[in-house]
Amino acid sequence: MDAEALLAGPRGRRFVMEAVLRAGIPAEPEAPGGPEAAPATFGWQLGPLEPFAGRPATAKPAALRGLSEADVMGSLVDSVFSAMYWQPPHPEDVLLAEPGKADELRPAAEALLEHPFLAALDRPLLAGPGRLTYPAAHIDWIDELNPERRVPPHLSRTDAQGRDKLERWRRHVDADVRRARNDRPRDVCANFGGDWWATPAMVDLLVTTPLPGADALAPGAEIGIPLLLHGIEDSFELTAGTVTVLDLAPAAAPRVYEIDSPDAWARLVAAFPLDVTPARRHEYYQVTGLDVAWFMPDWQQVADQYDAVHVTVGGYLATATHPIPLAGHGLPGAHTMLAGWDPDQTYWFDAPLRLIDRFEVELFERGPDGDPALEDVWRRAAT
């Protein structure tokens with residue numbers, strides 16, 4: 001990942017700007033006329049953006065390279081939290097997409113890319129043949145609907161009744177597209193929503209995110225704000241769950257597709273194209289302003305050639321919430337969007353993994369004596 005790629009996507013620009021704010025970089029003197037305001041977008045009135053005004057131009061590389069790990073992670077998490085696919089983008093994202101803003105942010109982006117913690121986060125799933133870069137972890141949330149959920153994740157592409165999970169996923173998508181074609185209004189500006197994600201979700205496939213150090217985490221030990229528990233799009237901000245830690249089974253050699261750039265996502269979509277335009281047109285217009293054909297991968301076909309698909313941190317920052325044209329991949333006029341993925345997340349179709357550990361986690365307040373960048377942190381439950 002380089003600065004140009006990082007700043008090409010809304011999530012990357014927002015990450016850099018959040019880091020600038022955390023570095024305590026002062027704004028330039030206010031220009032005549034008051035604080036900067038974001039332009040209106042798709043009929044929504046956007047307000048003033050005092051915290052963002054004038055800061056990129058005053059960014060000090062040393063201050064950004066000296067950010068704590070908590071501040072780098074907090075900047076990434078804030079960018080993830082602001083990802084939306086069902087309404088217009090946040091005013092801050094609109095402002096950062098204006099002409100010239102990427103050039104203003106480039107020195108800050110270059111400094112952040114030299115930060116060793118970001119480099120450690122932006123890794124492929126596999127460190128080498130038969131070796132995960134970090135332990136893989138799956139979270140089962142505990143909430144009012146699932147107060148006692150402790151069932152270990154299912155690792156196979158087939159469910160307990162022997163049915164293909166991805167066949168079920170494809171039937172759902174096809175039915176959703178048919179309903180949308182028949183029921184949704186022709187006016188792309190109509191307030192009409194439904195499924196917006198581009199993941200093989202809702203069919204109980206194994207989903208993991210690395211949790212460095214999880215294989216040696218003592219009861220009661222702090223975990224901080226890891227991506228597994230905090231870097232979640234459309235988060236419901238849950239506060240407890242059961243973590244399952246997994247590693248590759250002996251002699252396992254999974255076929256992994258790495259999404260480390262917009263082009264990598266576009267190539268996957270073009271290789272396994274699935275037209276979902278009727279079911280995505282209204283939502284994606286809200287966030288992109290484009291009324292075009294929308295494609296996503298046919299995950300049933302993808303699973304015939306790969307065991308897992310992984311989105312790197314850099315791939316997420318450069319690609320998510322950004323319309324990717326497919327004209328260069330044989331689909332003129334069509335676009336795609338990485339929607340519903342989290343940074344460093346893997347969807348497994350057939351998971352050649354073995355259980356390492358299972359434990360409860362909980363969110364707690366550290367109090368005034370803790371790191372000011374971490375008001376709330378996760379820890380492994382004591383029992």
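Of the 383 residues of the protein, 52% count as buried, where buried means under 20% relative accessible area, exposed over 50% and partly exposed in between, with a 1.4 Å probe and protein chains only. The structure is a predicted model, in which local features need pLDDT of at least 70 and side-chain atom pairs count only at pLDDT 80 or more, whereas totals for chains, interfaces and linings use all residues. Residues are numbered from 1 along each chain as its sequence is written, and side-chain values use heavy atoms, with hydrogens and water left out.

The secondary structure comprises 13 helices and 15 strands, which are DSSP runs numbered from the N terminus (helices H or I, at least four residues; strands E, at least two). Among contacts (heavy atoms within 4.5 Å) between residues at least 6 apart in sequence, 80% join residues at least 24 apart.

Beyond its neighbours within four places in sequence, Trp 265 is in contact with residues including Ala 198, Ile 259, Trp 299, Met 337 and Trp 341.

Two packed helices are described by the angle between their axes and the distance between the axes. Helix H2 (residues 10–22) packs against helix H6 (residues 101–113) at an angle of about 85 degrees, with the axes 10 Å apart; axes are lines fitted to C-alpha atoms, for helices over the stretch in contact, and angles run from 0 to 180 degrees between N-to-C directions. H2 is therefore roughly perpendicular to H6, a term that covers angles of 65 to 115 degrees. Among the residues that make this contact are Phe 15 and Val 16 of H2 and Leu 105 and Leu 112 of H6.

The axes of H8 and helix H11 (residues 277–288) come within 7 Å and cross at roughly 65 degrees, so that H8 and H11 are also roughly perpendicular to each other. Here Asp 176, Val 177, Ala 180 and Arg 181 in H8 meet Pro 278, Ala 279 and Arg 280 in H11.

In the loop between helix H8 (165–183) and strand S4 (206–210) lies Ala 201, which counts as buried because its relative accessibility is 16%. Not counting residues up to four places away in sequence, Ala 201 touches Trp 169 and Tyr 347.

Key. Parallel < 35°, antiparallel > 145°, perpendicular 65-115°, else oblique.
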